[in-house]
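Hi,

Here is the structure I promised to pass on.

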Amino acid sequence: MDQLIITAAVTGAEVTREQQPALPLTPDEIAAATEACVEAGASIVHLHARRPDGTPTQDPVVYREIITAIRARCDVIVQVSTGGAVGMTPAERLAPVAVAPEMATLSMGSVNFGGDVFVNHPAEMKWFARKMKELGVKPELEIFDSGMLATAERWIRQGLLDSPVHVDFVLGVPGAMAGTPESLMFLRSQLPPRATWTVAGIGPAQLPLAVMAIVLGGHVRVGFEDNVFFRKGELATSNAQLVARIARVSREMERPVATPDEARAILGLARRLPVRVP
Ligand code: KMH
Ligand code: ZN
């Protein structure tokens with residue numbers, strides 16, 4: 001089994017300070033939270049940017065500030081979101097890919113998202129995939145439901161995605177696939193050949209699905225984007241606290257935690273550091 005890759009999803013687009021007082025929002029706060037997560041065992045940071053008033057933005061200038069601040073503090077695989085927030089235009093969502101991240105998310109289909117609809121038109125997501133290929137950015141395929149894995153297979157056959165792909169099962173979004181062991185086992189059985197996978201359990205699904213992934217040879221995403229609690233009724237004190245617990249459990253299970261360079265080797269990433277001005 002490979003070492004465990006822990007992704008820290010430190011901010012997200014939806015969580016507020018009212019829900020989680022330790023939520024990092026400014027570039028410096030996001031960079032400091034990322035460094036703490038790396039010290040605790042994370043090797044990928046999944047980024048969303050916010051404006052000074054806390055609202056989500058896909059402005060590449062803000063992403064560049066965040067990435068520059070992170071790279072001044074630590075080595076980590078930077079993965080930008082192209083999901084952004086519900087209602088953003090596709091062009092807006094794709095913009096941070098120009099800031100030379102190593103990875104970016106690619107949502108593989110539309111889905112109800114709480115009281116909203118997260119629209120991912122196939123024509124637009126194919127455009128995202130082509131752009132990532134052109135820029136040498138590795139996509140992480142966001143899988144909210146099982147049909148999206150069939151889409152991934154089709155796009156691999158059509159040459160839009162390079163195999164092996166890396167996927168993230170996002171489980172427990174109200175309106176999408178449930179955050180249950182059965183969902184995870186089924187999705188795992190439908191993976192494209194040689195794919196690597198991680199799981200992002202939403203809310204109370206975060207810890208149990210993460211523990212399953214440790215045992216099954218998958219990887220884990222934790223952080224305030226998906227879950228603000230450490231346990232029922234108790235808010236987490238930091239993103240790093242959530243990362244540290246997963247690293248601790250994994251080591252106890254005798255599965256070592258990947259460094260950023262080990263994660264790069266597992267994911268087939270070339271090391272890249274420069275930040276291009278968009
Ligand atoms: N904020 C969600 C609507 C991603 O980062 O790629 C989409 C999302 C997925 O967070
Ligand atoms: Zn996200």
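Below is what turned up, starting with the ligand.

Some ground rules first: this is a predicted model, where local features need pLDDT of at least 70 and side-chain atom pairs count only at pLDDT 80 or more, while totals for chains, interfaces and linings use all residues. Residues are numbered from 1 along each chain as its sequence is written, chains are lettered from A and ligands numbered from 1 in the order in which they are written, and side-chain values use heavy atoms, with hydrogens and water left out.

So, what surrounds ligand 1? There are 13 residues around it, the closest being E14, S81, G84, T105 and E225 (near means a heavy atom within 4 Å). By class, that shell has four nonpolar, six polar and three charged residues (Asp, Glu, Lys and Arg count as charged; Ala, Val, Leu, Ile, Met, Phe, Trp, Tyr, Cys and Pro as nonpolar; the others, Gly among them, as polar).

Taken alone, ligand 1 exposes 300 Å², and the protein buries 98% of that (Shrake-Rupley, 1.4 Å probe).

Next, the salt bridges. The whole structure has twelve of them (a side-chain nitrogen of Lys or Arg within 4 Å of a carboxyl oxygen of Asp or Glu). One joins R264 and D75, at 3.0 Å from N to O. R264 lies in helix α9 (residues 260–267) and D75 in the loop between α2 (60–73) and β5 (77–80), so this pair ties together parts 189 residues apart in sequence (helices, H or I of at least four residues, and strands, E of at least two, are DSSP runs numbered from the N terminus).

Most residues other than glycine have a negative phi, and most peptide bonds are trans. A100, in the loop between α3 (90–94) and β6 (103–107), has a positive phi near 60°. S163 and P164 are joined by a cis peptide bond, with omega about 0°; P164 is in the loop between α5 (147–157) and β10 (166–171).

Cheers
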